[in-house]
Amino acid sequence: MLILFFFVFNFSVTLYAEFLPTKQRAKCVVLLDCFWALGACFEVALALAVGPNLGWRWLLGLSAAPLFAFAVITPWLPESARYHVASGQSDKALTTLEQIAKDNKRPMLLGRLVVEGPSGSRGSVKALLGSSLRRTTLLLWFIWMSCAFCYYGLVLMSTELFGGKNKTVLPETENDCHPLATTDYMDLLWTTLAEFPGIFATIYVIERFGRKKTMALQFLFYAGCVLMITVTDVRVFLTIILFMARGVIAGLFQAAYVYTPEVYPTALRSVGVGGCSALARLGAMATPYVAQVLFQSSIWSAVSVYGFFAVCASVACMLLPYETRGTDMGQ
């Protein structure tokens, strides 16, 4: 289900970005994360209401319901005009643009649609590693992997930090799972709400400093926050630190979603974002071994791993060859 969810989200962002004007693209894509944050808050509330009484199977089933709702409305989504032009279907692209003009009560632009660049490598993974895109692709793969590694690591560490404060471990249940208390769920909800200020801060920064510098600064800020986890075990201070870290890493994820579709041409945009998402899933799969396994034996070692990856990813952001602020999306 998790793989299906990210498949839907990634390609929805790509489709959405291709309809947006240059000046509003970053703001609109980052604001899209508000619905991610709302879903995360709803999931915490749902877990509190359903988990203790009905169990994780009911929680998983109810959590999947929005995916089925999305599948039902998908046929009404318009296809990207950029995709139609790149695939040689200019008539369909023109129909889409005419419908958009009609919906917005604006006159249709005069002229005819043309393809600005070659489309022979459309959807080719090999083309992502061609001479012109190799450096960008490899750096973005590492950035996305690090971003997911750090984001989900923070989520898992939050449950470990909060859950460990309230559980009483008996010798006969030493290796069992321990349910979270109501206070744990409330603290998780507070840290999840941090995504909203992180989103709005990213909107403000990304158009003033550019995509690369925004992501680099956010990685460094995240590294500083996670390293601060080791200096206190006071619950209030931990909640504040996790609040700041959650906000900045959520904004960082959206900055990556802004930059990646902008840097790839239409013929490679979906496969480019999809490739980055695939590497992000590797980071998400690896992070439990740090956030839960290593964390149990040494908190300092665990947060040091996240700090190291965040600093390396910050350097990778600055090494990206292109800054896409204020540029049109390539066809």
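Student: In this predicted model, which helix holds S146?
Tutor: The helix in question covers residues 134–166. S146 falls in that run, so its helix is α9.

Student: Is S146 buried or exposed?
Tutor: The cut-off for buried is under 20% relative accessible area. S146 has 0% relative accessibility, so S146 is buried.

Student: Which residues does S146 touch, leaving out those up to four places away in sequence?
Tutor: A contact needs heavy atoms within 4.5 Å. With residues up to four places away in sequence not counted, S146 touches F219, F309 and A313.

Student: How many disulfides does a search of the whole structure find?
Tutor: A pair of cysteine sulfur atoms must lie within 2.5 Å to count. Searching the whole structure gives a total of 0 disulfides.

Student: Is C276 buried or exposed?
Tutor: Buried means under 20% relative accessible area. C276 has 0%, so C276 is buried.

Student: Which element gives the largest share of the nonpolar patch?
Tutor: The patch covers about 1,100 Å² of surface, and its residues include W190, F221 and I240. Elements that give two or more residues are α10, α12 and α13. The largest share is 5 residues, and it comes from α13.

Student: Where is I240, and what does I240 count as by relative accessibility?
Tutor: I240 is one of the patch residues. Its place is in helix α13. At 44% relative accessibility, I240 is partly exposed.

Note on methods: Residues numbered from 1 in each chain as written. Predicted model: local features only at pLDDT ≥ 70, side-chain atom pairs only at ≥ 80, totals over all residues. Heavy atoms only, no water. Buried < 20%, exposed > 50% of the residue type's maximum accessible area, 1.4 Å probe, protein only. Helix = DSSP H or I, 4+ residues; strand = E, 2+ residues; numbered from the N terminus. Patch = residues over 30% accessible without salt bridge, like charges linked within 9 Å, V, L, I, M, F, W, Y side chains within 5 Å. Areas by Shrake-Rupley, 256 points an atom, 1.4 Å probe, with all protein chains shown as cover. Salt bridge = Lys/Arg side-chain N within 4 Å of Asp/Glu carboxyl O.
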